[in-house]
Structure formats: C-alpha cells, structure tokens
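This report examines the overall dimensions of a protein chain, the packing of its helices and the surroundings of selected residues. The sequence and the structure are shown first.

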Amino acid sequence: MTLKSHFVTIAKYNAWANARLYKMAHELPDEAYRQNVGAYFGSLQGTLNHILTADRIWMRRMTGTGEHPDKLNAIAFDDLPSLQAAREAEDDRILQFIEGLTEADLNQELSYHTLDGAAHRQPLGEILSHFFNHQTHHRGQAHAILTILGVAEPVSLDLLMMFREAKGS
C-alpha cells in the first residue's frame, strides 16, 4: 500500500464515519443535539461544527481555496440539516483533493500560518496525518456525547467496520 492509497482509504473512512455519526445525531431531539454536556466544544452541535471548521481551515491551507473560519469554535451552521449538507460537500472535496495528489506531493513541504499567525512548514503527508487524526479524535468525543445523551449503544465508527461492510461480511 502506498502512502497515497492509505490517505485515499482514510478519506473514504472519514466520509463513512461522518455519515454514521450524522445519522445518529438526526435521531436526537434538537434540544439534546444542542445540550452542553461539558465536552470541550460543549455540545454535539459544537463538536460537529468544530470538526467541519477545522477541516475547512486545513483545506484552505492545503488548497488555497474554500471557506476559512477564523476561530476553532465557530458555529458554521446552526441547524443540523445545513451542517450535514456542508459536511458531505466537504467530505467530497477532501476525497477529490486526496485522489488528485501524487506520492511526490505528499513529501512536498507546505508553508502555512496558524490562526494566531505563527508560521510553520511541514511535509503535506505529516499534515494529512494530523488532519485525519484530528477528525477521528473529535468524532470519538461526539460518540461519547451520544452516550452521555442517552444513546445506549452508538453505532461503531471503527475502520474495520467499514472494511467489513465493503466486503459484505
């Protein structure tokens, strides 16, 4: 497996896991979706918005295009249906970006600035590793929020489940 094929797989996983997470979010009453449960971004709404916001910030850094929020706790979309539509569009954008890369691109250094203005330079492959790990980290928090809100057994977001579903087992 090449590094690029790994990132393509992870981009597909990202979209798959987000779809499962949003399906669970839609099963909640709106007040539960917005309820502050003491998580880092407060609620499921805050956490899901943060994941999209961070993705958009990184995609802007990597591609030079797209939305560029100026704070990590931005509520890009107040309602869940609009947030889900934006999430799906961003997941498509991420996959298209990854599919368009070459192995050589992954070793190229990217210069960027953090939201506080600090300058950094890192290989794109390292940035993508962080990018996808960040999503997984916060989806784990969202999964825990679902449990706090009374979802007895949130569906699995494990990568192996995606592989098993693809094989029909």
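## Overall dimensions and fold

The radius of gyration is taken over C-alpha atoms, and the globule rule is 2.2 Å times the number of residues to the power 0.38. For the 169 residues of the protein chain, a compact globule would have a radius of gyration near 15 Å; the chain has 16 Å, which agrees. The model is a predicted one. Along the principal axes, the C-alpha atoms of the protein chain fill a box of roughly 45 × 45 × 25 Å.

The protein chain contains seven helices and two strands. Their order along the sequence is α-α-α-α-α-β-β-α-α. Of the 169 residues, 43% count as buried. When contacts between residues at least 6 apart in sequence are considered, 71% of them join residues at least 24 apart.

## Packing of α1 against α6

Two packed helices are described by the angle between their axes and the distance between the axes. Helix α1 (residues 3–26) and helix α6 (residues 124–148) have axes that come within 11 Å and cross at roughly 20°. Angles under 35 degrees count as roughly parallel, and α1 and α6 are therefore roughly parallel to each other. Their crossing is left-handed.

On the α1 side, the contact is made by F7, I10, A11, Y13, N14, A17, N18, L21 and M24. On the α6 side, it is made by G125, L128, S129, F132, Q135, T136, R139, A142, H143 and L146. By class, the residues of the contact of α1 with α6 comprise eleven nonpolar, seven polar and one charged.

## Packing of α1 against α7

Helix α1 also meets helix α7 (residues 159–167); the axes of α1 and α7 come within 10 Å and cross at roughly 95°. Angles of 65 to 115 degrees count as roughly perpendicular, and α1 and α7 are therefore roughly perpendicular to each other.

Helix α1 contributes T9, I10, K12, Y13, W16 and R20 to this contact, while α7 contributes L159, M161, M162, F163 and E165. The contact of α1 with α7 has seven nonpolar, one polar and three charged residues.

## M162 in helix α7

M162 lies in helix α7. Buried means under 20% relative accessible area, so M162, at 12% relative accessibility, counts as buried.

Leaving aside residues up to four places away in sequence, M162 touches T9, K12, Y13 and W16. M162 and K12 are 150 residues apart along the chain, and their C-alpha atoms are separated by 9.2 Å.

## L124 in helix α6

L124 lies in helix α6. With a relative accessible area of 9%, L124 is buried. Residues up to four places away in sequence not being counted, L124 touches M62, F97, L101, D105, L106 and Q108. The C-alpha atoms of L124 and L110 are separated by 6.0 Å, and the two residues are 14 residues apart along the chain.

## Q84 in helix α4

Q84 lies in helix α4 (residues 80–99). The relative accessible area of Q84 is 18%, and Q84 is therefore buried. Apart from residues up to four places away in sequence, Q84 touches Y22 and H26. Q84 and L146 are 62 residues apart in sequence, with a C-alpha to C-alpha separation of 17 Å in space.

Note on methods:
Residues numbered from 1 in each chain as written. Predicted model: local features only at pLDDT ≥ 70, side-chain atom pairs only at ≥ 80, totals over all residues. Heavy atoms only, no water. Axes fitted to C-alpha atoms, helices over the stretch in contact; angles between N-to-C directions. Helix = DSSP H or I, 4+ residues; strand = E, 2+ residues; numbered from the N terminus. Parallel < 35°, antiparallel > 145°, perpendicular 65-115°, else oblique. Left-handed = near helix turned anticlockwise from the far one by under 90°. Contact = heavy atoms within 4.5 Å. Nonpolar A, V, L, I, M, F, W, Y, C, P; charged D, E, K, R; others polar. Buried < 20%, exposed > 50% of the residue type's maximum accessible area, 1.4 Å probe, protein only.
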